[in-house]
Amino acid sequence: MEEKDYQVGTRIEHSKYGEGIISQNNTLTFKAIFVRGGEIEFSKMSAEFTVLNAPEESADDGQPRVSIKEFEKMLTFVLQKYNAIEYKAELGKKWEGGTMILQPANRDLKPKEIPVETFFHKIVMMRDRLRVLEQNINSHPGLSDEEKVNMQQYITRIYGSMTSFNILFEDREDYFVGSKL
């Protein structure tokens, strides 16, 4: 199998992760940062994607024209634009170290205990994925404005159904908000 080598800053398209940028070139592997997948490390021997745009090399030293600092700035801008940089919501202090106990109606059955932090993390992941879904719907070229609005209404109702979990969040800015009529 042929070993591939790509410069830092090369824009690529991967079938699973979408568009990304090579961020690190190591001896056997390189890392790429994708809007849909975050940072992924690939073996140089088995990398499967298409090069969209390779950075130009300067004639004098063979290095990319964009400095690492400039590259980091551009990458941060792109990731923020598409909400790919995850914001970490904080669990309310009173819940830290707590346990959720799910007790079946039949007392002969054993209750299930779940750390509140684990449950909270799953709620936040769901919220973040709903936000990505919203962005994908709003930017989808094949949907009409009416279809986008209809799908957005379902997502808003989901947020409304999840407002019961707002007690777990430390900050009100992180709360789920449904439709306000």
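**Reading the model, feature by feature**

Mentor: In this protein, 43% of the contacts with a separation of 6 or more join residues 24 or more positions apart. Please bear in mind that the model is predicted.

Trainee: Which residues are in contact with phenylalanine 119, leaving aside its neighbours within four places in sequence?

Mentor: A contact requires heavy atoms within 4.5 Å. With those neighbours set aside, phenylalanine 119 touches Met100, Ile114, Phe165 and Leu168. Phenylalanine 119 itself belongs to helix H2, which covers residues 116-139. For the pair phenylalanine 119 and leucine 168, the separation in sequence is 49 residues, while the C-alpha to C-alpha distance is 9.6 Å.

Trainee: How many helices and strands does the protein have?

Mentor: There are three helices and seven strands. Along the sequence, their order is β-β-β-β-β-α-β-β-α-α.

Trainee: What percentage of the residues of the protein count as buried?

Mentor: A residue is called buried when its relative accessible area is under 20%. Of the 181 residues, 27% count as buried. The protein exposes about 13,000 Å², and carbon and sulfur atoms supply 53% of that area.

Trainee: How many salt bridges does the structure hold?

Mentor: The general idea is that side chains of opposite charge can pair when their charged atoms come close. Here the structure holds two salt bridges. One of them joins the side chains of arginine 11 and glutamate 19, with an N to O distance of 3.0 Å. The other pairs aspartate 128 with arginine 127 at 3.7 Å, again N to O.

Trainee: Are arginine 127 and aspartate 128 buried or exposed?

Mentor: Arginine 127 has a relative accessible area of 1%, so this residue is buried. Aspartate 128 counts as buried because its relative accessibility is 17%, and the cut-off for that class is under 20%.

Trainee: Which residues form the negative surface patch?

Mentor: A residue qualifies for a patch with over 30% relative accessible area and no salt bridge, and like charges are joined within 9 Å. In this structure Glu90, Glu96, Glu117 and Glu170 form a negative surface patch.

Trainee: Where is glutamate 170 placed, and what is its relative accessible area?

Mentor: Glutamate 170 lies in the segment after helix H3 (145-161). Its relative accessible area is 35%, so glutamate 170 is partly exposed.

How values were computed. Residues are numbered from 1 along each chain as its sequence is written. This is a predicted model: local features need pLDDT of at least 70, side-chain atom pairs count only at pLDDT 80 or more; totals for chains, interfaces and linings use all residues. Side-chain values use heavy atoms; hydrogens and water are left out. Patches are made of residues with over 30% relative accessible area and no salt bridge: like charges are joined within 9 Å, nonpolar side chains (Val, Leu, Ile, Met, Phe, Trp, Tyr) within 5 Å. Accessible areas come from the Shrake-Rupley method with a 1.4 Å probe; for residues, only the protein chains shown count as cover. A salt bridge is a side-chain nitrogen of Lys or Arg within 4 Å of a carboxyl oxygen of Asp or Glu. Lys and Arg count as positive and Asp and Glu as negative; His and the chain ends are not counted. The place of a charge is taken as NZ of Lys, CZ of Arg, CG of Asp or CD of Glu. Helices (H or I, at least four residues) and strands (E, at least two) are DSSP runs, numbered from the N terminus. Buried means under 20% relative accessible area, exposed over 50%, partly exposed in between (1.4 Å probe, protein chains only).
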